[in-house]
Every structure is written in C-alpha cells, then in structure tokens.
Amino acid sequence: MSEQTRREILKRGGQVALGGALATAGAAAAPRLAKAAAERQWGMLVDLRRCIGCQACTVACKAENGVPLGVFRRRVRTLMTGSFPEVGRHFVPISCFHCEKPKCLPACDKHKCYDGQSETALYKREDGTVLIDEAKCKPGKKPCMTACPYNNIFYDPLTKKADKCTFCEHRVDQGVAPACVQTCEGGALQFGDVKDPSSAIARAIAANDTKVLKPRKKMNPSFHYIGLDDDVQKTVEGMIKGKQLRPTDLENDR
Ligand code: SF4
Ligand code: SF4
C-alpha cells in the first residue's frame, strides 16, 4: 500500500471513528454549522493558563492527518523566561493561524508555482480556512513557506510539496471539532466562529485579554491566545523566525 493511500485511509477512518465518539459524548466540542459559510471565520482560542505541554494535540494531529515522521502541522513550543530564581516555564501551541490577510497566498500566485492556469494551489475558503490544493501544488516549490512569517508551512518529505494545518476541514465540515481540540488534555483549546458574536469562542475572546502573535504584520491571524504575557510573546516570536523545527526542538528550546 502506498504511503499516500495509507494517509487517505487514515483521514477517512479518523473521520468515522471520531464522529461516532462525539455522538456518544454529546458532541460537546463540535462547532455549530448553522450559518452560511461566507459569514464565518473559523478560529482557535488557546488558553495558555490551561496548557500543560502534554503534546497530546500534536500527536492527535499527526494521527488524524497522517503527517509523516519528522514534520508537524502543529507543535507546542516549550520555553523558559526570566533568570534564576525568578524563572517561568511556558507552553505555546502553534499551527497555521488561517490569517484573514495571509502572506502565503499572494506568494503562491506571484511565483506561479502551481499546476494549472488560473487557480493557485493555496486558497482561502469562504469560512476563512486557508488550504493547499495538493493536486495543484508543484513538487519542490517553497515560496509560500518563505512568505509565512510564522513558519507555519512545512515541506512534506513524502509528497515533496508544501503542507500545513487545515483546521481539520474534513471534520469541521461534518460538524466535528478539529482533532487537537477534541484531544486537548488541559481543556486549553476552543474552536468556533470568531465572527459570530453569540458563539462561545467569540464571547470568550471578548471577555478575556487576548493577543495574537506578530500583530504588527497586520495579517489578522485567526488564532488567539489568553495568557500570552509580553515576555512569552517576545520569546516565542523570536523562536518561530527560525528554520523548520526538528522533533528534538519540541523540548528544551532554550
Ligand atoms: S499562518 Fe502562515 S500559512 Fe497560515 S494563513 Fe497565515 S501566512 Fe498563511
Ligand atoms: S493537548 Fe492541550 S494541554 Fe496538551 S499540549 Fe496540546 S494544547 Fe496543551
């Protein structure tokens, strides 16, 4: 069985199995799909006060999406702040932020690295999710990876194409929460429509002091943090400037 086929089966299997699990669990984590797509902006809220750095979300993402060894669609950065004896240890989950104004998208268009005459491989759905059409993406091309200031696109060693978080669109389209959200041990992750003021996520964002990473880029990332203090923000922004992470980088970043 080819690796590609294995990954497709994994995706479909995960959909069915987790859909069933949610049904018995009362579907508490499933986002509402009542509104028209154009009015939505799917987004994520991460409460850093609740993240315990267990990496369950990282593993769930890899299993759900068949992400190859050595690369990640999602990662939880571990960092230390302060100096002895006043030190702090922090965990910061990061994946594609599905920006309102993504820099990856024009890079795909400008460099014409996609297969096809009129459509870019990278595109934004009406619900705000930024996706890569694997069939249109040309192997060996990386302008989108360079353009993303968050370093959130990686090079898939099996397909030789760009890959990244999809907000588990295959699950969300069925009314099921992304795998990372459903798996989160600490209850740190929330997913939903940030444009709907009555949604739980929009209310939580409004009720808390939330931040996004690199706000000066004016890309409006749809990934909000509670508990991101200035020191942690500066440190993690410095870390994500670097090159693609290796598995060993997930711990002891400093
Ligand atoms: S985080 Fe990077 S890859 Fe994701 S939408 Fe924004 S610019 Fe594109
Ligand atoms: S599963 Fe939740 S608590 Fe564990 S590392 Fe991921 S976000 Fe943090």
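Around ligand 2 of this predicted model stand 13 residues, of which Cys51, Cys54, Gln55, Cys57 and Cys184 come nearest; a residue is near a molecule if one of its heavy atoms lies within 4 Å of it. The shell around ligand 2 divides into 9 nonpolar, 3 polar and 1 charged residues. Here Ala, Val, Leu, Ile, Met, Phe, Trp, Tyr, Cys and Pro count as nonpolar, Asp, Glu, Lys and Arg as charged, and the others, Gly among them, as polar. Ligand 1 has 14 residues around it, with Cys96, Phe97, Cys99, Cys104 and Cys148 coming nearest. Its shell holds 10 nonpolar, 2 polar and 2 charged residues.

Residues are numbered from 1 along each chain as its sequence is written, and chains are lettered from A and ligands numbered from 1 in the order in which they are written. Local features need pLDDT of at least 70 and side-chain atom pairs count only at pLDDT 80 or more, while totals for chains, interfaces and linings use all residues; side-chain values use heavy atoms, with hydrogens and water left out.

Helix α2 (residues 56-65) is mostly covered, 8 of its 10 residues being buried. Buried means under 20% relative accessible area, exposed over 50%, and partly exposed in between (1.4 Å probe, protein chains only). Helices (H or I, at least four residues) and strands (E, at least two) are DSSP runs, numbered from the N terminus. Among the buried residues of α2 are Cys57 and Cys61.

An open sheet of 4 strands runs in the order β8-β1-β10-β9, with mixed pairing; two strands pair if DSSP finds at least two bridges between them. Since β8 (189-193) and β9 (210-211) stand at the edges, each with a single partner strand, one side of each is left without a neighbour in the sheet. Strands β9 and β10 (residues 223-226) pair in the antiparallel sense over 2 bridges.

The largest nonpolar core has 34 residues, and Val92, Ile94, Phe97, Tyr150, Leu213 and Tyr225 touch the most other members. Such a core is a set of buried Ala, Val, Leu, Ile, Met, Phe, Trp, Tyr and Cys residues joined through side-chain atoms within 4.5 Å.

A salt bridge (a side-chain nitrogen of Lys or Arg within 4 Å of a carboxyl oxygen of Asp or Glu) joins Asp163 and Arg73, whose closest N and O atoms are 3.1 Å apart. Asp163 lies in strand β7 (residues 162-163) and Arg73 in the loop between α2 and β2, so the pair ties together parts that are 90 residues apart in sequence. Both Asp163 and Arg73 are buried.
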